[in-house]
Amino acid sequence: MFDNYQFTAAERFMRYVQVDTQSDPLSSTHPSTEKQKDLSRILVEELKALGVTDAELDEFGYVYATLPANTEKKVPVICFCSHVDTAPDASGAGVKPLLHKNYGGQDIVLPDDNTQVITTTNHPYLKEKVGEDIITASGTTLLGADDKAGVAIIMDMANFFTRNKDVKHGSIKILFTPDEEIGHGVDKVDLKKLGADFGYTLDGGERGSFTDESFSADGVQLVINGVITHPGYAKDKLVNALKIAGDVLASLPRAELSPETTEERQGFIHPVRISGIAEKCTIDFIVRDFVTEGLKKKEEFLLSLVEMVMENYPTASFEFNVNEQYRNMKEVVDKHPQVTEFAKEAMERAGVKFERKSARGGTDGSRLSFMGLPCPDIFTGEMAFHSKQEYVSVQDMNKAVQTIVHLAKIWEEKS
Ligand SMILES: [Zn+2]
């Protein structure tokens, strides 16, 4: 199917990364930065040039577009989604993408800052990329492969279908979102307008990786009410909320249940913010686990620690409030096994080894899944994201294009 196809993902990618689309966590507007629309406008124009007539950019920075069905069959509507913004962790302005053709396996020194070296020691995946074409930034900015690799792959998929009209598919929706990196990627999305039954984000790393599982996440706010008096006459009366907070933090386990001592499928309890005065102090925690039931256990454990500390301060009091943040998308995705099965088959047809992964974080897909659009994640090849040493393999991107073309075809075949 791809023998005579000229892939466009790399060429598009090299152009898209030069548009600064950094999002801003301190902004309260939607999108958080207007410049994200600079890329979105280009995408709409390019889609229209491909004949995707309904492509549109809305005021919140979302791009919606449809590749209409070319089959008589009734096929579920699937959506491919990626985000246009780049992370605030490193500059996204003035990105100079460099193409390293036929990579030879050496460490890659980035020319604009010789201290930035992508080593195979720190990036073992690079060793598998010998002979492929690698794209990096030049040393002073991030590359933005997260997630412009996903954007370029989806655009190339659209390009493929407009040039290969004999390949049957149902209605395919395209969604480009802003502000994923600051946790607001789906705040203003209109799922009714999108009108998709199932979705896939393209925002994963290594070739073949498929993420259908994310953390389940809660926030816990602990408010400690001390007892305040004039400090000169405080003997046996004053109870300092800051000191209680110190005791609570000291009572947290270190060797386990902490982000710095856990990995893979282990969850944690993590204090992220403390604020207050002697009278009243607030500690914000985040609690993470792959199992929602495990969240509850961790919260009960945290509560028991707090109660133990508070026993030493009988005149002080506390409030312990749990807020749901997001849930493991697996709870939703598993109810629709074909979403995963078809992705696996699509990768096999593209000659890619399917590998299930769990994300130790949330994705737009976890929130979309619970908003009614089951939405696991497919690889793009983007690696070392959020850093100046970000890189992506052209061949990985092309494999992702093949994967999602096959995927759309499989949905049609099996309907
Ligand atoms: Zn991303």
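Start with the largest pocket and select strand E15 (residues 355-359), which gives the largest share of the pocket lining, three residues. The model is predicted: local features need pLDDT of at least 70 and side-chain atom pairs count only at pLDDT 80 or more, while totals for chains, interfaces and linings use all residues. Residues are numbered from 1 along each chain as its sequence is written, and side-chain values use heavy atoms, with hydrogens and water left out.

The pocket has a volume of about 760 Å³. Of its 32 lining residues, those closest to the centre are Asp-203, Ala-359, Arg-360, Thr-363 and Phe-385. A pocket is an open set of points on a 1 Å grid over the protein atoms alone, with protein on both sides within 12 Å along at least five of seven lines; a cavity is a set of points where a 1.4 Å probe fits but cannot get out, and lining residues have an atom within 4 Å of a point. Volume is the space filled by probe spheres set on the points, which are joined across faces, edges and corners. E9, E10, E15 and helix H9 (364-370) each supply at least two lining residues. By type, the pocket lining has seven nonpolar, 13 polar and 12 charged residues; Ala, Val, Leu, Ile, Met, Phe, Trp, Tyr, Cys and Pro count as nonpolar, Asp, Glu, Lys and Arg as charged, and the others, Gly among them, as polar.

Next, select E10 (residues 209-214), where six of six residues are buried (under 20% relative accessible area; exposed is over 50% and partly exposed in between, with a 1.4 Å probe and protein chains only). Five bridges join E10 to E15 in parallel, and Glu-213 has Ser-358 as its bridge partner in E15. Two bridges join E10 to E16 (residues 377-379), antiparallel, with Thr-211 partnered by Asp-377.

Zoom out to the sheet. Eight strands form an open, mixed sheet in the order E1-E2-E8-E3-E9-E16-E10-E15. E1 and E15 stand at the edges with a single partner strand each, so one side of each has no neighbour in the sheet. Strands pair if DSSP finds at least two bridges between them. E3 and E8 (residues 172-177) pair in parallel over six bridges, and His-83 stands opposite Thr-177 in E8.

Now select the zinc ion. Its protein donors are His-83 (NE2), Asp-146 (OD), Asp-203 (OD) and Asp-203 (OD), at 1.9 to 2.5 Å. Donors are N, O and S atoms within 2.8 Å of the metal (3.2 Å for Na, K and Ca); water is not among the atoms, so sites may look incomplete. The four donor atoms subtend angles of 54 to 139°, which makes the arrangement irregular. Four donors are tetrahedral if all angles lie between 85 and 135 degrees; four are square planar and six octahedral if opposite donors are over 155 degrees apart and all others between 65 and 115; anything else is irregular. His-83 lies in E3 (residues 78-83) and Asp-203 in E9 (residues 198-204), so the pair ties together parts 120 residues apart in sequence. Both residues, His-83 and Asp-203, are buried.

Last, select the lining of the largest cavity, which includes His-83, Asp-203 and Asp-377. The cavity has a volume of about 60 Å³. E3 gives the largest share of the cavity lining, three residues.

Key. Helix = DSSP H or I, 4+ residues; strand = E, 2+ residues; numbered from the N terminus.
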